[in-house]
Amino acid sequence: MIHEIRTYDIKPRSSEQFGENTKSKLDRRLAYSSLGGFWYSEIGPLNQVVHIWPYNDANHRSQVRGDAVSDGIWPPDNSDLILNMQSDIMVPAVFMKPLEARNIGPIYEMRIYTYRPGDIDAVLEAWARAIEEREKYSPLVGCWSSDVGALNRFVHMWAYTSFEERTRVRTETRAAGVWPPQSGVVPLAQENKILLPYDFSPLQ
């Protein structure tokens, strides 16, 4: 299983139109493969759209994308709104639950860490030991390591019902020694963004 995380920079004040254009074609696109989630940025890098697509493997991705394009189903009519596009092929962590329709937001935090080559295995091992206890506080949406695109990247996404819950959970897990897990390595760089789901996103 691979997940493609696509990040688009779009023109200011165009996120609503982007969503409407996408929604108009989405039902037909979903006949080819499932959608993990679809968000727009609220805090962090503004005027961004992030969408995640699961595939069985790289061949499945190529076939689905080729068929959808050749059949005229995809992409939506957003080319005049998009300033930049980035595609990353990510491998889900073994402890990550499948991306399924859930109402666990509406606040989604995506954190992107860059590590030294070879360090991510230690991070995944530490997370595997600690994640069950951490999820008692709030759900993990996804956890991935990069395979194609920017390398040595570790991406994780969390859902919260409110900004207040996010603050409370982060405070409580640190105080209890639950989180962050101790891997013995530290990231070289960290980014985060707060995302809100479009109304057609399976994850709400």
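Two strands pair if DSSP finds at least two bridges between them. Strands (E, at least two residues) and helices (H or I, at least four) are DSSP runs, numbered from the N terminus.

## Basis

This is a predicted model: local features need pLDDT of at least 70, side-chain atom pairs count only at pLDDT 80 or more, and totals for chains, interfaces and linings use all residues. Residues are numbered from 1 along each chain as its sequence is written, and side-chain values use heavy atoms, with hydrogens and water left out.

## The barrel

Eight strands form a closed barrel with antiparallel pairing. The order is β1-β3-β2-β8-β5-β7-β6-β4. Neighbouring strands of this sheet are turned by 35° against each other on average, direction ignored. Axes here are lines fitted to C-alpha atoms, for helices over the stretch in contact; angles run from 0 to 180 degrees between N-to-C directions.

Seven bridges join β5 to β8, and the two run antiparallel. Tyr108 has Leu195 in β8 as its bridge partner. Strand β8 covers residues 189-197 and is also joined to β2, by four antiparallel bridges. Trp39 stands opposite Pro197 in β8. Four bridges also join β4 to β6 (residues 140-148), again antiparallel. Pro92 faces Trp144 in β6.

## Helices on the sheet

Helix α1 packs on the sheet and touches β1, β2 (37-43), β3 and β4. Contact means heavy atoms within 4.5 Å. The direction of α1 makes about 20° with that of β3. Helix α3 lies across β6 and β7, running at about 15° to β7.

His60 is in helix α2. Leaving out residues up to four places away in sequence, His60 touches Ser33 and Tyr55. Leu30 is 30 residues from His60 in sequence and 14 Å away in space, C-alpha to C-alpha.

## Pockets

A pocket is an open set of points on a 1 Å grid over the protein atoms alone, with protein on both sides within 12 Å along at least five of seven lines; a cavity is a set where a 1.4 Å probe fits but cannot get out; lining residues have an atom within 4 Å of a point. Grid points are joined across faces, edges and corners, and a volume is the space filled by probe spheres set on the points.

The largest pocket has a volume of about 420 Å³. Its lining has 23 residues, and Tyr113, Trp179, Pro180, Pro181 and Gln190 are the closest to the centre. At least two lining residues come from each of β5 (107-114), α3 (120-134), β7 (153-160) and α4 (163-175). Helix α3 gives the most, with four. By class, the lining has 13 nonpolar, six polar and four charged residues. Nonpolar means Ala, Val, Leu, Ile, Met, Phe, Trp, Tyr, Cys and Pro; charged means Asp, Glu, Lys and Arg; the others, Gly among them, are polar.

The second largest pocket has a volume of about 280 Å³. It is lined by 19 residues, with Arg6, Tyr8, Trp74, Pro75 and Pro76 nearest its centre. Contributors of at least two residues each are β1 (2-10), α1 (15-29), β3 (48-55), α2 (58-70) and β4 (82-92). The classes are 12 nonpolar, four polar and three charged.

## The cavity

The whole structure holds one cavity of 30 Å³ or more. The largest cavity has a volume of about 40 Å³. Its lining is Lys97, Pro98, Leu99, Glu100, Arg102, Leu140, Val141 and Leu203. Five of these are nonpolar, none polar and three charged.

## Aromatic pairs

There are 15 aromatic pairs. Rings of Phe, Tyr and Trp (its six-membered ring) pair if their centres lie within 6.5 Å; planes under 30 degrees apart count as stacked, over 60 as edge-to-face and the rest as tilted. Phe38 and Tyr198 form an edge-to-face pair, 5.7 Å centre to centre with 75° between the planes. Phe38 lies in strand β2 and Tyr198 in the segment after β8, so the pair ties together parts 160 residues apart in sequence.

## Backbone exceptions

Most residues other than glycine have a negative phi, and most peptide bonds are trans. The bond from Trp74 to Pro75 is cis, with omega near 5°. Pro75 sits in the loop between α2 and β4. Gly105 and Pro106 are also joined by a cis peptide bond, with omega about 20°. Pro106 is in the loop between β4 and β5.

Arg13 has a positive phi, near 65°, and is not a glycine. Arg13 lies in the loop between β1 and α1.
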